[in-house]
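Please review the model shown here.

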Amino acid sequence: MPQAPQPTVLVPSERAVVLLSCALSALGSGLLVATHALWPDLRSGARRLLLFLSLADLLSAASYFYGVLQDFAGPSWDCVLQGALSTFANTSSFFWTVAIAFYLYLSIVRASRGPRTDRLFWAFHVVSWGVPLVITVAAVALKKIGYDASDVSVGWCWIDLEAKDPVLWMLLTGKLWEMLAYILLPLLYLLVRKHINRAHTALSEYRPILSEEHRLPRRCSVADKKLVLIPLIFICLRVWSTVRFVLTLCDSPAVRTPVLVVLHGIGNTFQGGANCIMFVLCTRAVRTRLFSLCCCCCSSQPPTKSPAGTPKAPAPSKPGESQEFQGTPGELPST
């Protein structure tokens with residue numbers, strides 16, 4: 001570990017890219033929260049967990065945005081505050097991401113037993129909010145959070161490299177949980193995919209005699225793809241921070257490589273944006289309603305009056321249009 005680190009200087013273009021990633025992530029997280037509030041019928045168990053993940057990602061993006069924008073040159077009170085908020089939110093995001101995977105595993109693979117949602121959700125809240133809070137409070141109380149010269153960050157504050165046992169606290173305040181997520185997420189989703197594949201195989205011999213409405217719909221294959229994308233996107237986003245962490249431990253000058261710094265900045269801040277792409281823009285039931293809402297807001301005008309002075313009746317809708325924005329019955333709530 002370097003004893004006197006030199007700051008990694010972000011050029012304006014690099015800072016602009018990271019700030020844009022923070023803004024898009026905050027916007028995506030806010031959009032996920034808005035869709036949850038607007039349409040109660042979409043509030044499945046998995047989407048409730050996604051709501052709490054979005055709140056953590058929103059706080060994380062906001063704190064990172066302030067850190068990159070402020071461009072700290074040394075220790076200060078707002079550096080400690082920003083480091084504490086980002087530590088809590090980032091660690092909580094790891095826990096909620098794993099909680100979603102665990103919930104889907106119980107709901108799909110262990111469906112016969114059926115997870116007790118109330119108790120399970122209470123456990124998720126205690127772990128996903130409580131553990132990060134305890135760790136963050138301990139780090140602040142022991143004065144472990146502070147200016148880190150951007151060796152393990154991208155302009156924001158985290159663990160002070162001059163503090164005692166910095167590597168231990170880097171692990172406790174993020175890296176340990178990040179590495180565990182690298183293992184748990186693929187494992188849980190592989191088990192879910194294996195179970196789904198078995199179900200497909202078991203039903204294959206009966207498909208010729210099943211009616212169309214009882215066959216496995218195409219949306220199941222869409223859900224399968226999302227199950228693969230969730231751990232894949234998480235790892236692709238977060239791996240760059242792990243690489244820089246290892247390079248920092250090795251005291252390698254490659255830790256300040258501009259491309260690696262930018263990838264780290266995007267990976268740590270864009271989780272909310274990636275979740276929005278998957279669970280809003282790539283989910284037909286939500287995307288259709290959202291586009292419909294935007295069109296209604298953009299085209300809202302006073303009703304045109306007829307010559308007699310009475311408003312014209314709206315044109316009758318075509319058959320099937322009234323159901324267009326109701327979502328697909330039975331659509332998998334996790335998607």
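The points below are grouped by topic.

This is a predicted model, in which local features need pLDDT of at least 70, side-chain atom pairs count only at pLDDT 80 or more, and totals for chains, interfaces and linings use all residues. Residues are numbered from 1 along each chain as its sequence is written, and side-chain values use heavy atoms, without hydrogens and water.

**Helix α1**
- Helices are DSSP runs (H or I, at least four residues), numbered from the N terminus.
- The end C-alpha atoms of helix α1 (residues 12-38) are 38 Å apart, which agrees with the 39 Å that its 27 residues should span at 1.5 Å a residue; the expected span is 1.5 Å times one less than the number of residues.

**Aromatic pairs**
- The structure holds 10 aromatic pairs, meaning rings of Phe, Tyr and Trp (its six-membered ring) with centres within 6.5 Å; planes under 30 degrees apart are stacked, over 60 edge-to-face and the rest tilted.
- Phe-95 and Trp-177 form a tilted pair, because their planes lie at 45°, with ring centres 5.2 Å apart.
- This pair links helix α3 (residues 77-108), which holds Phe-95, to helix α5, which holds Trp-177, 82 residues apart.
- Phe-102 and Phe-124 are edge-to-face, because their planes lie at 85°, with ring centres 6.4 Å apart.
- Phe-102 is in helix α3 and Phe-124 in helix α4 (residues 117-141), 22 residues apart.
- Phe-124 is buried at 8% relative accessibility, whereas Phe-102 is partly exposed at 33% (buried is under 20% relative accessible area, exposed over 50%, partly exposed in between; 1.4 Å probe, protein chains only).
- Phe-52, Phe-88, Trp-96 and Trp-129 are linked by ring pairs into a cluster.

How values were computed:
Helices (H or I, at least four residues) and strands (E, at least two) are DSSP runs, numbered from the N terminus.
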